[in-house]
Amino acid sequence: MFMLCSGQQVLGLVENQSDWYLGNLWKNHRPWPALGRGFNTGVILLLLDRLRKVRWEQMWRLTAERELMSMLSTSLADQDIFNAVIKQNPFLVYQLPCYWNVQLSDHTRSEKCYKDVSDLKVIHWNSPKKLRVKNKHVEFFRNLYLTFLEYDGNLLRRELFGCPSEADPNSENLQKTLSELDEDDPCYEFRRERFTVHRTHLYFLHYEYEPSSDQSDVTLVAQLSMDRLQMLEAICKHWEGPISLALYLSDAEAQQFLRYAQGSEVLMGRGNVGYHVVYKEGQFYPVNLLRNVAMQQVNTNYMFLSDIDFLPMYGLYEYLRKSVVQLDMANTKKALVVPAFETLRYRLSFPKSKAELLSQLDMGTLFTFRYHVWTKGHAPTNFAKWRTATTPYKVLWEADFEPYVMVKRDSPEYDRRFVGFGWNKVAHIMELDAQEYEFVVLPNAYMIHMPHAPSFDITKFRSNKQYRVCLKTLKEEFQQNMSRRFGFAALKYMTEGQMKQSRK
């Protein structure tokens, strides 16, 4: 097509297929000047060397400034300016066959420009509203559009285009590491997941937040998938501070999330929520990778590490900020524990104070978190002491402890070997303890877990014996790794059996 451009032709364009530039769509319709029906700029061939020779930069600017004196603004942005320039200099344009830019609109003559859909090169579909245009091939177009929405970007990246990864300096090390894994190992898929490189779209929606100048600001950090999307509005109502969220979505789900968010007044009213989409790949839910992605985007000095199915108490954001100052977080290594509770009721009158929470606890409306299935996870919080506590109190690490904590932004990341269900938070708390963080329980803070259907990963854990075997193996390897890194101080993390095995 470029070779067909001759003389001073510098732009390849398709004629506009609507009546827009004819100025007869409605009364007092006044379009910018154009040659005949004008040209559509959805697809443009630009002959850059010739454009420079005709001094294009000055040409379009002079035309635009002259027309703006009477038109005041553009209706169709750059397209209006292109057409005004072409009206003055028609020799600049080479008219492309219309099947290079078939424009779908209620006002177009697009059907007249091609005989069969097999002739089409580019369909100009810039809005979902085009699903409703009057066109004999609209069903064909609709199927193309819906198919496109369901595309897996990983398919496009690897299998169709084979995007090279040589440019990545870590690529060679990664390939070497993967080649060293034993594919016959029954836990091979678990081990490989740790090294999977996920496509990631940081700040999927607009984010605008400047941390406060007093250095005590706190960001809530969480991760989620499509089945927990309904929690977002509630969390935004409970936590007014900045939030960093990692969402594990397919390409199609990312579009669904976009529509959901844009339709929510609550979410659109918040500029201080960072949404980071990690695209699905592999068979596991990479929970700790997601947490790390959300943590890496925190731009406050402190972060509250939560889960998406918890609602923080009203006012927790301000309470944590005050605790930063009162407990001298800037100059000490502390992890502030926010006691966790749960309800089995989908409709809960959320307690507005500690006194109200204790009342609901006594009535059986609330319970300490996982009291009936996993008491070890939060037992060290010492709920009995918390009931009457009025000042922060220190607690010691115990096996399987996994509280929700506020820490400094530079605290350790989560270990990626743990995916799906099991040990993902326990390992992180163990790491904090090994690095000599002090666990301090806040006497007037609380969060409540809201009920939901079991996740796919907990179902796999319960039903798949091999899943449980591999988790146990990874857990033992992590503990041995801790003993190598931290020496004698880490012996407490190993069971008696593991210590014997280590000595062998």
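Glu 476 forms a salt bridge with Lys 472, and their closest N and O atoms are 2.8 Å apart. A salt bridge here is a side-chain nitrogen of Lys or Arg within 4 Å of a carboxyl oxygen of Asp or Glu. This is a predicted model: local features need pLDDT of at least 70, side-chain atom pairs count only at pLDDT 80 or more, and totals for chains, interfaces and linings use all residues. Residues are numbered from 1 along each chain as its sequence is written, and side-chain values use heavy atoms, with hydrogens and water left out.

**Overall build**

- The chain has 18 helices and 18 strands. These are DSSP runs numbered from the N terminus: helices are H or I with at least four residues, strands are E with at least two.
- Of the 504 residues in the chain, 50% are buried. Buried means under 20% relative accessible area, exposed means over 50%, and partly exposed lies in between (1.4 Å probe, protein chains only).
- Take contacts between residues at least 6 apart in sequence: 77% of them join residues at least 24 apart. Contact means heavy atoms within 4.5 Å.

**Salt bridges**

- The whole structure holds 19 salt bridges.
- Side chains of opposite charge can pair when their charged atoms come close.
- Glu 476 and Lys 472 both sit in helix α17, four residues apart, or about one turn of the helix. Glu 476 is partly exposed, at 26% relative accessible area.
- Salt bridges with shared partners join Asp 214, Asp 217, Glu 318 and Arg 321 into one network.
- Arg 191 forms a salt bridge with Glu 477, with the closest N and O atoms 2.7 Å apart. This pair links distant parts of the chain: Arg 191 is in helix α7 (residues 188-193), Glu 477 is in helix α17, and 286 residues separate them. Glu 477 counts as partly exposed because its relative accessibility is 26%.
- Lys 425 forms a salt bridge with Asp 307, with the closest N and O atoms 3.3 Å apart. Lys 425 lies in helix α15 and Asp 307 in the loop between β10 (302-305) and β11 (310-312), so the pair ties together parts 118 residues apart in sequence. Both Lys 425 and Asp 307 are buried.

**Packing of α15 on α17**

- The axes of helix α15 (residues 424-434) and helix α17 (residues 465-486) come within 12 Å and cross at roughly 15°. That makes α15 roughly parallel to α17. Axes are lines fitted to C-alpha atoms, for helices over the stretch in contact, and angles run from 0 to 180 degrees between N-to-C directions. Angles under 35 degrees count as roughly parallel, over 145 as roughly antiparallel, 65 to 115 as roughly perpendicular, and the rest as oblique.
- From α15, Ala 427, Met 430, Glu 431 and Ala 434 meet Phe 478, Gln 479, Met 482, Arg 485 and Phe 486 of α17. By class, this contact has six nonpolar, one polar and two charged residues. Ala, Val, Leu, Ile, Met, Phe, Trp, Tyr, Cys and Pro count as nonpolar, Asp, Glu, Lys and Arg as charged, and the others, Gly among them, as polar.

- Tyr 203 has a positive phi, near 50°, and is not a glycine. Tyr 203 lies in the loop between β6 (200-201) and β7 (218-225). Its relative accessibility is 30%, so Tyr 203 counts as partly exposed.
- Glu 436, also not a glycine, has a positive phi of about 65°. Glu 436 is in the loop between α15 and β17 (438-441). Glu 436 is exposed, at 67% relative accessible area.
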